[in-house]
Amino acid sequence: MSENKNTSLQLQVDLTYLNEFYSKTPQRLSKYSWFGNVRLHHFRVSEDAVLVRWLLTVSRGSGLSCGNQNITVHFRAGAPPVINPIQTAFPNDTSVSLAHNLTLTVPSGQSVSVTLFNVTHPKPGDWFLAAHLPKDDGKIEQQGLPSCSYLFQAQMFLRRAADLPILQYNIPLYQTLTSTPALFKVFVPEFSSRLDVFILNCSVMLGNDCGLSITVGSSTLRQGSEVKQNCSGLESCFASVLIPPWNTWLLVMVESNQPNATIDFNISANVTVGCKPLSVSSDFNTSAFTRTIIAPQSNSSGALSNASVSTRDQPGLLANTSEPMCMRSPSVFRDEQDVLSLRFTVSNSNLSVTSDLPTVLTLEHTSSDSGGTFVVQLNLNTSSLVGGFARVKACLTPFAPVLHLNRSQTCATGFAQGYSLSVSSNESHALLRIPFPDAAVWYLSLQTVCSDSVDCRNASAVVSVSVSVSACIDDCGPYGECRLLRTNSYLYGACVCKAGWQGWGCTDGVTAQSFSRQMAAALLLTFSNLFFIPPIIVALYRGYLIEAAIYFFTMFFSTFYHACDQPGVTVMCIMDYDTLQFCDFLGSVVSVWVTIVCMARLQEPIKYLLFMAGTLVISMAMQLDRRGLWNLLGPVLVALVIMVTSWVYRGVKRRHCYPPLWRRWVLFLLPGIVSALIGVCVYVFAQTDSNYYYTHSIWHVMVATSVVFLLPPREKHVPPWGWTNKICSYRRCKNEKVELYTDT
């Protein structure tokens, strides 16, 4: 005993603590409308961590007077957090548990806010932080304009114990506890049904009450992730965990509520194995593998899981007949099809589920799969019911299975709440969807439950099981688009909704647009481009053939871009969406460019050189950033400088204002400038998601109207429509007269 005592004291006193630091690059926060607006940070908490401290820094951009701003940060261990900041409805048959969240505030007049968030004894593995601003108000902000911007940075300080004492089963370890809690760890092997941690022979130097407490487990910021037992007033006590997580190291902490007291005690652990599947033969069952995997899905590659197959499922396999059979565990094949696309195939898709023994499927879920949606479907063959059948009950749990699915026991394990399903003759189909499931080995337990009035020994039913992982729920349905997002090397999926639909799977139609509203938006945005017909006619009449071609290009692609850009079912795309968008943005800016350059009344070689050079530069800028405000303002300012320079030169040379006629200023230039300014103001300041279809239509009308007023009159030597009526040798003769720059 003395040797044990000395060893344990040495282990506890010389416990080595190490510090680790991790930092993530600051990211700009966005207002929340869908999960793609959050800034996701992925951290890895190492084994034996005793403390994690996150330093959360929010920095406000300078230049504007901004009020108080709240930032929400969500925390979750094992998978990205499931959040619902705007209180939308989740799709049917979807089970969610919202993540723990914290609200940070940046006061008015303060540029930086720093917050510390501590988690004691965190669960090792993946931890995720998601940060975002409040709900998006729908205003369309133009890139390049000053705004209240916020940068979020997360840094993690981790403290871990490098040499925690290990509790061995049924071997007491003598400890002396002072003011510092004693820490241990214990390994839970596979097939464990119960873990007990005992405190024995507790003695205190002052008084009779040891005042100890035992905590088993690690914090996940969820209720039920730790089991705590108060041993006050007891010389011996124990903490029990029913159905502990398999193949996992658990943290054990013993602490005292008596300060400055020295307490001696013995601590030990014990694990109970209540049920194990029968051993299988070492021979690989090639025929079963070929039949269930290669034949139905010849173009996919499968990988065997670690699940075993009992002798009752596949006769002829060797088993230890001295052990009673307590469960069936069919083989499960893990078929990775694509990124966040995974399917589990059972060796026998039609499972015979009985009342005497549970059927357990082992579903290995890695960290790379936690960014999708876990989908489980059960279908009951109603013609296969035998005996006093009432229903088939199923329980899906991570880390360890539930093996007794009677009507009184809940679907939960030691540290995790499971998900229940059931099928019966009245409801033969059951569906369960879990967004962002924990990265763990999941277990699906099935068992037939009988009615009370009949014999249950021979009741059974045939159930078809389908288990898969997909990026989004039902591919986001008809009113959404499933997108793959990435933070560093971690991939996850989310739905971006359209036509006013909201929610995790774009199924919440509270703010959805009606078909008539969608049709009105499509018609306004497309037919408002017909206002470019008058500028085209005016340009042709005045001999500006290149300008007319550019206006037609803009009208054509703007019409079909908006026909393809509709959010609902009123969509028509004549070519790739990205191509239509590029041509629409390019045509809009080039139209403004050529109109202002044309107003400068330059010589034709110089004018056409500027047309071509400006178009090439604008094309490059559009490829870099199509929605940048300076893509429009830059060409406008350069063209205005060219025009003003040309006008000033003409005015100085001729010693009077240019253009010289007041009618030109009052009837054409001023109305055109006012129309253009109205269009720009509506485009930059008034557009929101809700009024986009008519404010953007006003932009089309105002820009087209301004072109009609601003295009200069044709040169006196140029006939209408740009050609003469004289026919020479079966072709129209062009006026080759040198252009005279007279007052017009």
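Predicted model: local features only at pLDDT ≥ 70, side-chain atom pairs only at ≥ 80, totals over all residues.
Student: How far apart are the end C-alpha atoms of helix α7, and what span should its residues give?
Tutor: Helix α7 runs over residues 604–624, which is 21 residues. At 1.5 Å a residue these should span 30 Å. The value agrees, because the end C-alpha atoms are 30 Å apart.

Student: Which elements do the buried residues of α7 pack against?
Tutor: The buried residues of α7 are K607, F611, G614, I618, S619 and M622. They cover an arc of only 140 degrees around the axis, so they lie on the same side of α7. On the other side, exposed residues include P605, L609 and M612. The buried residues pack against α5 (545–564), α6 (577–599) and α8 (630–654).

Student: How many residues apart in sequence are the parts that C476 and C495 tie together?
Tutor: A disulfide joins C476 to C495, with S to S at 1.9 Å. C476 lies in the loop between β29 (460–470) and β30 (480–487), while C495 is in strand β31 (residues 490–497), so the parts tied together are 19 residues apart.

Student: Is the disulfide of C497 and C506 left-handed or right-handed?
Tutor: The S to S distance between C497 and C506 is 2.0 Å. The torsion about their S-S bond is about -95 degrees, so this disulfide is left-handed.

Student: Is C497 buried, partly exposed or exposed?
Tutor: Buried means under 20% relative accessible area and exposed means over 50%. Its disulfide partner C506 has 5% and is buried. C497 has a relative accessible area of 23%, so C497 is partly exposed.

Note on methods: Residues numbered from 1 in each chain as written. Heavy atoms only, no water. Helix = DSSP H or I, 4+ residues; strand = E, 2+ residues; numbered from the N terminus. Expected span 1.5 Å × (residues − 1). Buried < 20%, exposed > 50% of the residue type's maximum accessible area, 1.4 Å probe, protein only. Arc of directions from axis to C-beta. Contact = heavy atoms within 4.5 Å. Disulfide = S-S within 2.5 Å.
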